[in-house]
Amino acid sequence: MSGKSYQFKIVLLGEGCVGKTSLMLRYVQDKFNDEHLSTIQAAFIKKKIRIGSNSVELAIWDTAGQEKYHALGPIYYRGSNGAFLVYDITDIDSFERIRKWVTELKTSLGDDCILCIVGNKSDLEKNRNVPIKEAEEYAKSVGAKHYSTSAKLNQGVNELFLDISKRMIEKFESSENLESINHQSGNSSNKRNTIQVVDDSVVQQEDKKSGCC
Amino acid sequence: MPFDGQQQVYGAQHPPNLKIIKELKSGSGSSNSHSLPGTVVKAFRDYEKKTIDAWDIDENECFNLTDPFQISITDSEEVAKKIIKNHKETQEKMQSSVSIGSKTTTKLSPGPGKALRQETDANSQISNLSKSFKITSLSSSDVKSTDSSYAKPSDPKSSIQNKKNDNQDSNASNRHQLYVFKDFDQDSTKIQKFENILNSSPINLSELEKLSWKGIPNNFRPICWKLLSDYLPLKKELQEKTIEQKRNSYWESVTECYSPSFLDLNHDTLRQILNDIPRMNPLIPIFQNETVQNIFQRVLYVWAVRHPGSGYVQGINDLLTPFFVVFLNDYIKIASYTEIEAKDIENLSQESLHQLEADCYWCMTKLLDRIQENYIFSQPGIQKKIIALEELMKRIDRALYEHLKKNNIEFIQFAFRWMNNLLMREIPLNCTIRLWDTYHAEPFGFSDFHLYVCAAFLCRYSKNLIEEKDFQGLMLLLQSLPTRNLKISDITLLTAEAYKLQVMFANSPSHMSGNNL
């Protein structure tokens, strides 16, 4: 098992302004800025980490939160190995939005995708509106794990990414994941294939049909 | 700043994209080129009509302009070959003269900015200059060699290199001094032209469009945008009254939309806007100013309430910023759009702020009316344009298109933002403002023409992109293309390239029509 290379795709979903981009930037660049731009559509970033003797490359898609962009979701979560469903602990509406995403991901990806429900802005504990117990129970009920983070104070962020990486490796290795079996049957250095772009190409072909000439 | 005399225009150096012509020929499959001349001729006629003043028949050995029906693909390919040949022969000479050519065109920036005219721009403009000012240092061979520089392969690096050389050359050259003066002269001619048009009543809209296409001097920009947006009436005598009515009507809407019953209904919209406003343009200090943020909040919220079909969509807030900084120029002197200080705003009278805000609202509304499809449910306008962009790229830069496809890049993954925010997130604000001069002046500038600008924009980075060998590298580059140092002159080139593409493809029957989408 030692010395393997993995490549996984993670998607961040959740209501606007809950801190998706901040979580990503905190993790990847260890930076925090109250005033970054709102994300339009989605942003892509990558990060390489080592877990034990394994190297893991994370391809992270940070998506736009506004409900209007909800329809774009599949472009980014398709083929994801892991998903962060982020809410703001001071904002109950943002937690409700998580439920929609969970339902949608379950329908689209089945159990292929590891779900993490993330209550961000734990630095604003005094303004908490989402009871932690309720959030944890909900997470459990949908087979997800719950995390508390503060991108601002850099609390729980590394742990979050590390934990999901470990779980993705476990899942990959446990061969429960059909796609993993397919990929593994190739060879052990099938780095590229772990980013599951298989679905994408199907869609591209559909697109082509609609093209002109 | 725009119209900075030190900036180069790419027009004089940029080659015609021969690939386009070839693609056009081969890409149409069995129909081959026989179906094309008609289209091309029609497109060419449109083009020629718009750009007639850029042509100098004496200098045109290759195109017979008196009879546009003779223009065909074969001809243009022949021309291209000639140019290449010419280029090879005169490459030596060009070293010394190209800088002058490009220098000159910066100020003379192309006619209603357009496409092929860019190609002849340098030579015709230079010849005009040499005639009118009797500049003996420019011989006809200089002119030719400038022209021939178009045939150079489209290589961003080499053009950058050229520009560097140009700077060195021209700085050391007396001729440069001469041209700086001429540039200035030309610029004041441009200002004069704007003054003439704006002082007439009713204002000749098509003349104004033609002139604005190439970029509007900062001081005229507020009034020109208002006229081109169809906000300010062309008849002088109607202007004051209309504007007053419009401003009042906006403020009535504000009162209405902020009434408890409306607020209750639109709670989510306001919340979203309040979320986004502090996150706009964090690099430009005035957008952190409370007065400014309140203005934005009201404009966006009122717009959203009054346009329930689309409502507020993230990104629309970006589209308000150019209007705001441009119209500020009516009240305060602005040296640079990105360096306005908060105290400048605080010093404005309440009345000025009210006027400014209403003007921003109406002009943004006019803009959004033109691209409404982009923001209604499922954003079909954007989806269509992304598919069209993909088709276009297949034809104009096959290598890049295939490279992207091979690496599983989907156009929607990067181009969505280009369409949703009109490239504002990709290029500096002053470049956006210059781009909008053209968009305001071009029919369907913000909608159809933007597609061609996106295509030209993508082509511009083709070489950088081809160098990236995997999905991740490509995606990272695509979402932060090296645009930080883009200049106004780059936008002039971009619009000219886009116009060329529009002329070539917009009328192509098998292309871009709604049926295909």
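How many residues of chain A are in contact with chain B, and how many of chain B with chain A?

1. In this predicted model, the contact involves 41 residues of chain A and 43 residues of chain B. The two chains bury about 3700 Å² between them, and carbon and sulfur atoms account for 51% of that area.

2. Three salt bridges are counted between chain A and chain B. One of the pairs joining the two chains by a salt bridge is Arg78(A) with Glu410(B), whose closest N and O atoms are 3.0 Å apart.

3. On the side of chain A that touches chain B, at least two residues come from each of β2 (42–51), β3 (54–63), α2 (73–77) and α8 (198–210). By residue class, this side of chain A has 19 nonpolar, eleven polar and eleven charged residues.

4. For chain B, an unreviewed UniProt entry places the feature "domain: Rab-GAP TBC" at residues 215–443. Over that stretch of chain B the model has 66% helix and 0% strand. The C-alpha atoms at its ends are 15 Å apart.

5. Over all chains, the whole structure holds 34 aromatic pairs. Among them is the edge-to-face pair of Trp418(B) and Phe457(B), at 5.0 Å centre to centre with 80° between the planes. Trp418(B) belongs to helix α19 (residues 411–420) of chain B and Phe457(B) to helix α21 (residues 445–460) of chain B, so this pair ties together parts that lie 39 residues apart in sequence.

Note on methods. Residues are numbered from 1 along each chain as its sequence is written. Chains are lettered from A and ligands numbered from 1 in the order in which they are written. This is a predicted model: local features need pLDDT of at least 70, side-chain atom pairs count only at pLDDT 80 or more; totals for chains, interfaces and linings use all residues. Side-chain values use heavy atoms; hydrogens and water are left out. Contact means heavy atoms within 4.5 Å. Buried area is the accessible area (1.4 Å probe) that two parts lose on being put together, summed over both. A salt bridge is a side-chain nitrogen of Lys or Arg within 4 Å of a carboxyl oxygen of Asp or Glu. Helices (H or I, at least four residues) and strands (E, at least two) are DSSP runs, numbered from the N terminus. Ala, Val, Leu, Ile, Met, Phe, Trp, Tyr, Cys and Pro count as nonpolar, Asp, Glu, Lys and Arg as charged, and the others, Gly among them, as polar. UniProt positions are given in the numbering used here, feature names are shortened, and annotations may be inferred rather than shown by experiment. Rings of Phe, Tyr and Trp (its six-membered ring) pair if their centres lie within 6.5 Å; planes under 30 degrees apart count as stacked, over 60 as edge-to-face and the rest as tilted.
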